[in-house]
Every structure is written in C-alpha cells, then in structure tokens.
Amino acid sequence: MTNSSNKYILLVITAALISACSVTKKYERPATLKTDQLYRDQSSTDSTTIADMPWQSVFKDEKLIALIQKGLDQNLNLKNAIENIVQARASLRQSKLAYYPTLQLDASATHNKQSQAGLNFPAGININTLTTTYKLGASTSWELDIWGKLSSSKRAALATYLATDAAKQAIQTQLISDIANNYFMLLAYDKSLKITQETLESRVKNVETIKALKEGAIVTGAAVVQSEANQHAAEVLIPDLKQDIRETENALNILLGQAPGPIDRGELETQIIPEKIALGMPAQLLQNRPDVRQAEFNFRVAFEATNLAKTYFYPSLTLTASTGFSNLELKDFFSNSIFYSIIGGLTQPIFNQGLNKMRLTTAQSKQLQAYNNFQQSLLVAGQEVSNALYSYEMAVEKEDSRQKQIEALEKAVDFTQQLLEYSSATNYTDVLTSEQNLLAAQLSGINDNLQKLQAVVNLYRALGGGWK
C-alpha cells in the first residue's frame with residue numbers, strides 16, 4: 001500500500017472511533033414501558049411473591065411432586081426447547097468468532113504449456129515449453145469492526161440465545177401448571193365419582209323403601225316410578241365421570257412423555273396449598289415471567305438488527321494478507337521463493353438500488369412490532385394474575401356458604417325421608433327434590449375446591465413461578 005493509502009485508512013479509522021457511538025446505540029429498556037396497575041384493584045410495595053418459591057415447596061403431595069419431576073425429565077416439548085438453546089448457543093459462538101481474522105491454506109501445482117512456434121526458430125520448427133509451478137501459501141482476512149457491525153451481530157446473537165433460554169423456562173412453568181391442574185382435576189373427578197356411587201347406593205336402597213311404602217299404602221305407584229328415575233339419574237352420571245377420568249389420565253401421560261396408562265395419585269381432601277398468597281409488585285414480572293423476558297429479548301434482537309442496518313450506510317474496512325512459497329523446482333522450493341502481500345480494502349456504498357434504506361426501514365418496523373409484543377406480554381401477564389387471584393378469592397368466599405348449604409340439604413333429606421316413612425305430612429316429590437339438590441351441591445362443592453386449587457396453580461404460573 002502507498003503512504004497516501006495508509007493515511008486514508010488511518011483517517012477513516014480515526015473518524016470511525018469518534019462517530020461509531022452515533023451509528024449504533026446501546027440498549028436500554030424503553031421508558032414508555034408501563035408496569036404499574038397491571039394487577040386489577042391491587043397495589044403493593046412488598047416484593048415478597050410466591051413466584052420465588054420453588055415448585056417443590058408450593059405442592060405438598062408427594063405423588064404430584066413425582067409426576068412433575070417425571071414431566072420435567074421426559075416432556076418432549078421441553079426437550080425440543082433445550083435443543084433450541086443448543087442451536088442458539090452455537091450461533092452465539094459463531095458471532096464471537098467473527099471478531100477474529102479468517103485463515104486459509106493453499107497448496108497447488110500448476111502445469112503450463114506454451115508454444116514457441118515462429119519465435120526466433122527456423123521455419124517449420126515448433127518447440128513447446130512445459131513448466132510446472134509449485135505453490136504453498138496462507139492467506140488471512142480481517143474486517144475491522146469500526147462501525148459496530150460485528151458488535152451488534154454479537155449482541156443480537158446473545159439476545160437470541162437468552163430468548164431461547166427464557167422460552168424453555170416458559171415451557172417449564174406451563175408444564176408444571178398443566179400437570180398440577182390436570183392432577184387436581186383427576187382428584188376432583190375421583191371424588192365426584194365416589195360421591196355419585198355412594199348416592200347411587202343410597203338411591204337403590206331408597207327404591208326398595210318406596211316399594212315397601214307403596215305396599216303399605218303410604219305412597220302411590222308414582223312415587224315408586226319417581227324413585228327409580230332418581231336412581232337412573234345417578235347411574236348416568238357415572239359413565240361420564242369415568243370417561244373424564246380416563247381422558248384426564250391420558251392427557252397427563254402426554255405431559256409426562258409416555259404412553260396412556262393409569263396415574264398414581266392421592267385424594268382431593270388431603271391437598272395443601274400455601275397459606276399466604278403473596279403477589280409482589282407488577283414490575284417483578286419483568287424478571288419473573290419467562291415469556292415476558294423472552295419478549296424483551298426478542299425486542300433486543302430487533303433493536304440490534306436496527307443497529308446493524310445503520311452500519312451498512314458506512315464504509316467497511318478489510319485487511320487481507322497472504323504469504324508463502326512459490327518456485328518452479330521442488331528442490332529449491334524453500335529457498336528464494338518467499339512471497340507476501342498486505343492489502344487494505346475500503347468499501348463505501350454509493351448506489352445499491354435502495355437496499356440499505358429498505359433494510360433500515362424494515363428493521364425499524366420490526367423493532368416497533370417487537371416492542372408492541374413486549375408491552376402486550378406484560379398486559380397479558382397482568383390479566384392472568386388478576387384473573388387467577390380473583391378466582392382464588394371467589395373460591396374462598398364460597399367455601400363457608402357451600403358447606404352450610406350441604407349441611408342444610410343433608411338435614412332436609414333426612415327430615416323428608418322420615419316424614420315420608422312415618423307420616424303423611426310430606427310426599428315423595430319433596431324427598432326427590434332434596435336428594436337431587438344435595439348431590440348437586442356436593443358436586444359443586446368439589447368444583448369449588450378444584451377452583452381454589454387450580455387458581456393457586458394458575459396464580460403461581462402467572463407470577464412467573466416454577467423455573468427458578
């Protein structure tokens with residue numbers, strides 16, 4: 001290179017170092033991002049949250065804990081998420097290597113044949129010259145990151161890697177939630193089936209009692225028919241409950257990454273949930289919710305893509321060098337045959353059909369979309385927390401009233417049956433109504449309990465628990 005070329009390249013590098021900071025920007029979380037009032041009708045300055053609790057502490061049922069652990073070990077979606085992390089890690093490593101120069105080795109033997117006809121030789125005489133050139137060399141190329149192009153690419157690769165890691169964590173929290181919810185649903189079906197079967201046994205006996213009362217002329221034939229219909233009403237509930245149990249077991253097995261089969265489980269009434277439900281502050285969702293973190297990392301990827309698009313408007317500087325041995329004779333190959341060259345290349349875009357402008361416009365648009373997705377993920381997270389918390393509160397609010405309703409209906413069934421059996425102060429319609437209302441209230445009580453358990457599970461996931 002000439003001295004003037006060296007001075008020009010040095011001038012470009014100096015100018016780049018001064019203005020590079022204005023070409024690419026450092027990522028900062030947008031100040032326009034709003035996290036306050038994400039929880040409806042809730043305000044707290046306490047940072048304590050159940051999201052910080054390990055899932056083994058949230059769930060006390062040993063059989064449920066075993067199922068969750070099996071799911072974490074075997075779930076196929078989770079395994080795929082882990083492979084996504086492996087791929088992103090490889091891309092990150094590749095982006096780091098872009099800072100280093102490339103190196104290539106070249107070994108060749110070239111045969112050249114040249115005709116000497118008519119060159120200082122008598123007419124009619126052709127002499128062909130055959131030469132062989134042996135060459136062994138190495139070349140290297142290095143692009144200087146004067147505008148931050150390589151740095152932006154590296155930061156984008158890092159954000160992509162972190163996004164895949166957050167995606168894996170999001171799948172894990174959802175998996176824990178799905179296993180727990182299906183497990184509690186299975187226990188609720190078990191309890192409903194047990195109560196329905198006990199009710200059926202009672203109604204079978206009741207049919208015999210009503211038949212005996214008819215023979216004693218205490219009730220009519222209509223009461224017998226009504227009692228039989230009441231028995232069948234309980235019978236038809238059982239197949240549906242069994243089907244629900246089978247399908248829920250199968251769904252759990254899919255989550256566990258195994259073929260359909262029975263699920264070892266406990267009982268609904270033995271389940272224990274955390275006594276204190278702490279929400280923490282909405283801003284903590286930025287750290288605790290994996291899908292929110294994933295959305296922010298995706299926004300950072302788009303942010304760096306915009307940075308990268310800006311660098312294409314500026315010249316790129318590439319240094320190349322080559323050296324090696326070249327000779328016509330192998331015996332003299334390593335003597336008097338050394339060659340080398342050093343070249344500095346400066347490429348400045350002048351006109352490329354609007355590609356750079358299109359690239360920047362597209363990157364800025366995608367960055368805005370990524371920001372909107374980031375904000376949307378926060379709003380959805382706040383909605384899920386609010387819904388789960390309210391569902392829990394309503395389940396708790398129903399507990400006392402539901403228990404009193406069931407106790408009252410149990411007494412009503414006893415009273416009407418006694419009145420029917422020992423006096424004519426009532427008719428079988430009163431007995432039928434009280435029995436039907438009792439079963440409905442008992443099944444509703446099971447659903448209330450299920451609602452409470454699932455609300456805690458959903459709140460734990462919504463706050464970002466389960467991956468730490």
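Does arginine 265 count as buried or exposed, and what is its relative accessibility — which values would you expect to find?Does arginine 265 count as buried or exposed? Select arginine 265 to start: it counts as buried because its relative accessibility is 19%, where buried means under 20% relative accessible area, exposed over 50% and partly exposed in between (1.4 Å probe, protein chains only).

Before moving on, note that this is a predicted model, in which local features need pLDDT of at least 70 and side-chain atom pairs count only at pLDDT 80 or more, while totals for chains, interfaces and linings use all residues. Residues are numbered from 1 along each chain as its sequence is written, and side-chain values use heavy atoms, with hydrogens and water left out.

**Stop 1: around arginine 265**

You are in the loop between α7 and α8; helices are DSSP runs (H or I, at least four residues), numbered from the N terminus. Follow the side chain of arginine 265 to the backbone oxygen of isoleucine 263, which it reaches at 2.9 Å. Next, show the contacts of arginine 265 (heavy atoms within 4.5 Å). Leaving aside neighbours within four places in sequence, they include Tyr183, Asp190 and Glu249.

**Stop 2: the nonpolar core**

Now select Phe59, Ile179, Phe184 and Leu459, the residues with the most contacts inside the largest nonpolar core, which has 66 residues. Such a core is a set of buried Ala, Val, Leu, Ile, Met, Phe, Trp, Tyr and Cys residues joined through side-chain atoms within 4.5 Å. A second, separate core of nine residues includes Ile210, Ala223, Val224 and Tyr428.

**Stop 3**

Go next to Gln403, Ile406, Gly445, Ile446 and Asn449, the closest to the centre of the largest pocket among its 16 lining residues. About 370 Å³ of space lies there, a volume being the space filled by probe spheres set on grid points joined across faces, edges and corners. A pocket is an open set of points on a 1 Å grid over the protein atoms alone, where a 1.4 Å probe fits, with protein on both sides within 12 Å along at least five of seven lines; lining residues have an atom within 4 Å of a point.

Finally, select Thr199, Ser202, Val413, Glu435 and Leu438, which lie nearest the centre of the second largest pocket. Its volume is about 220 Å³, and α5 gives the most to its lining, with five residues.

Definitions and conventions. Helix = DSSP H or I, 4+ residues; strand = E, 2+ residues; numbered from the N terminus. Polar contact = N/O pair within 3.5 Å; in protein donor to acceptor, adjacent residues only side chain to side chain.
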